[in-house]
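Here is a friendly walk through the structure shown below.

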Amino acid sequence: MKLALTLFLLLVLSSVIGTLIPQGADPTLYQQHFGEVTIRCFEFLGFLDLFHSWWFISILSFLSINLLICSFQRLPSLWQVVSFPPVRLDTDREKAIPFRGSLFFSGEDPWPRAERVFRDEGYHLRREGEAIPLCAVAYKGQWSRIGPYLVHLSILIVLLGATIDALFGFRGYVNLPEKGVVDSFRLQNGKDWRELGFSLRCDDFEASYYEGSHRPKNYKSQLTVIENGQEVMRKTLMVNRPLVYKGIHIYQSSFGNMGEVKSVTLSLENPPRKESFQLTALVGEPTRLEGTDYQLQILRFLPDFALDERFLAFSRSEEFNNPAVEVEIRKGGRPWLRTWVFEKFKEFHGLKGKSEVRLGLIHYDVPQFTGLQVTRDPGLGWVWTGFALMVFGLGVSLLMAERKIWIEKVGCEGNWEMRLWGQSRRGEEAFAQEFSSICNKLQGRGSISE
Amino acid sequence: MSFSHLFGATIVIYLFTSIAYIGYAALRANPLGKGASLLAYLGFLVQTAAIIWRTVSSYHLGMGHAPFSNLYESMTFFSWCIVLVYLIFEGQVRKRIFGAFVMPLALLTSAYAALLDSGIEPLIPALKSNWLLIHVSVSFLGYGAFALSCGISIMYLIRAKSEGAKGNANPGGIIPDSRILDEYNYKAVAIGFPLLTLGILTGAVWAHYAWGSYWSWDPKETWSLIVWLIYAGFLHARIVGGWRGKRTAIISIIGFLGVIFLYLGVNLLFSGLHSYN
């Protein structure tokens, strides 16, 4: 017991350290916060990847062994007591029993009725002999005492599953470009690549945002699994809904923009002539406006437009905070209008107001990639079993109550006395009621089913 | 009127409730105690209505979700859980003195919440799961039970000190016997522990479905394990080791400090999947 508590304490202390010192982070992060010497100490002590260090795993192993040994030591005698509860109470224990009763009967032997009463209330009976005094014990809820052992066993099963996963499983990730195919992924350490064993193609990726913000509302990928040239599976992958194929789990984890905006949709309005239409063009490629002499070219796209000290345009970041395109329109081959068009500032129509034309930035397409987590957990079945057993074990330990009532019957024909001692391991208030109800029924008040 | 008015009303009601319970404890006036209980029930009803109203409003705004998604919502839910656990407890043991030590916690948490940004925010995709409801509610009910055990343990230490000083029966008067307090401390932990376990397990299952890893030793998961170990230590020390009284009271208090850190410290100090920053 003391060993277990000590191991708990060690586990707690190490875990605290493991949260205060960032685990498995980039070396630069450590250099920012700690000195060279401190970092060396941490490395030596294994504090930088504490939860996988040999000594942490040893603590867990010792705890597991401790659990096993303690259970083996206690279980046999517990089994004995649970299956064959002692019929007699020794005098020391008798003093501690909280509920007592003394019932007197004239007339016939109350024992047969007693048997029915106890059976009615769900008790098992075990008695010693036919002699007088007759000693017996009524008991129920014995199995609740097994509860803690089930919980311990469940912990061992979970640890077993986790060990299997640590040894034979993997965690990794891969960024899959929209319309692209991958057949391998990167392990969590960021260094090694591994084969999937099949190919994964992203047919479409879609992200939706909450109104007027950059907060993602939902994002999903249409994935196809290809094996040996055959398309074997199609799935819409979303967060919280993984794809599982051949024991490999794939999760929608993130997404991002790849490369630069390629295609832009503009609206053009010519107020005097009341014409308006939309035009989609690729950045850098001139497009002739149909039936006219005008040629339009999108010179550049900036996701986060800003002006520097020399009033030259640049992009402050990669985020789409202030999307803008620089548009040039030529008439008859000669420059006619050059302006910036902003998604967020629809009223801005260029400094040199050629008011015949109004431009608007409607839409831009940036190729995206979908960020996937790739994992394999061969021990998962064990872990789930352990969890279920843990819940069951806790329920049995805490919801069932072991109750015992010792009975001693003395006396002779016409003049019987039954003494009762009752105790309950849990829920004493409810038991108090049950005890007095039993006493009433034994004395003939209250009904019992025949 | 909107639900934010109801939340404000809740704080005021809990303030008077706490004052009434403390007054009852100091003056031993039964009417004060009865009034305090009534106020507690009233406050609980108002808070429940406010939470439901807020949830319904979120659906009307097109971003419907259970009210657990940010610090404000979880803090108000935490105070709701404390009151729920307390009222059930008071109904069982019929002693109002405990209110003086537990209701102030409910007041503190709901009042602190009022200082926070309370806008209804939409959920990020990772939180859009049925697991959100069960994982968070079970965890906070557990925290509520641990809050109760902490209040009881503080009462125990006060009572044990006065018992030691005068060495006589009935020194505290209105505060129950230290033996009873010790028993209640154990029972509160015995309720909180399986709830916390369920919270951790549902969190692990959800993590598996969301991120492919049922356990990644991130600060939140690790601290929940730490708190779990502290209370597991409590149960073993008491049931197997026969520890009683002062030692177990102190473990309860340390455990609840761990709960506070688990809930707030981790979310505010460390970045990561559970971060509120």
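## A sheet in chain A

Strands here (E, at least two residues) and helices (H or I, at least four residues) are DSSP runs, numbered from the N terminus. This is a predicted model, in which local features need pLDDT of at least 70 and side-chain atom pairs count only at pLDDT 80 or more, while totals for chains, interfaces and linings use all residues. Residues are numbered from 1 along each chain as its sequence is written, and chains are lettered from A and ligands numbered from 1 in the order in which they are written.

Strand S17 (residues 324-331) of chain A in turn runs antiparallel to S18(A), and 8 bridges join them. In this pairing A:Leu337 of S18(A) stands opposite A:Ile329.

Put together, these strands make an open sheet of 4 strands in the order S13-S14-S17-S18 (chain A), with antiparallel pairing. Its edge strands, each pairing on one side only, are strand S13 (287-288) and strand S18 (334-342) of chain A. Two strands count as paired if DSSP finds at least two bridges between them. Strands of a sheet pair through backbone hydrogen bonds, either parallel or antiparallel.

Two loop residues of chain A also deserve a look. A:Asn240 lies in the loop between strand S8 (230-238) and strand S9 (243-245), and its phi is near 75°, a positive value in a residue other than glycine. How exposed is A:Asn240? It counts as partly exposed, because it has 18 C-beta neighbours inside 10 Å. A residue is buried if 20 or more other C-beta atoms lie within 10 Å of its own, exposed if 12 or fewer, and partly exposed in between, with C-beta atoms placed from the backbone. A:Lys246, found in the loop between S9 and S10 of chain A, has a positive phi of about 50° although it is not a glycine. With 12 other C-beta atoms within 10 Å, A:Lys246 is exposed.

Now step back to the whole of chain A. It is divided into domain 1 (2-76), domain 2 (85-141 + 401-442), domain 3 (165-260 + 369-390) and domain 4 (263-364), with bounds that come from an automatic or database domain assignment. The centres of domain 1 and domain 2 of chain A, taken over C-alpha atoms, are separated by 52 Å.

## Over to chain B

What does the secondary structure of chain B come to? It has 8 helices and 0 strands. The radius of gyration of chain B is 19 Å, close to the 19 Å that the globule rule gives for 277 residues, so the chain is as compact as a globular protein of that length. This radius is taken over C-alpha atoms, and the rule is 2.2 Å times the number of residues to the power 0.38. Of the 277 residues of chain B, 49% count as buried.

Chain B is divided into domain 1 (1-123) and domain 2 (138-277), whose C-alpha centres lie 21 Å apart. Between them, 19 residues of domain 1 are in contact with 18 residues of domain 2, contact meaning that C-beta atoms, placed from the backbone, lie within 7 Å. On the domain 1 side, H3(B) gives the most, with 10 residues.

## Where the chains meet

Finally, look at the contact of the two chains, which takes 33 residues from chain A and 32 residues from chain B. On the side of chain A, H1(A) gives the most, with 9 residues. The residues on that side divide into 20 nonpolar, 10 polar and 3 charged. Here Ala, Val, Leu, Ile, Met, Phe, Trp, Tyr, Cys and Pro count as nonpolar, Asp, Glu, Lys and Arg as charged, and the others, Gly among them, as polar.
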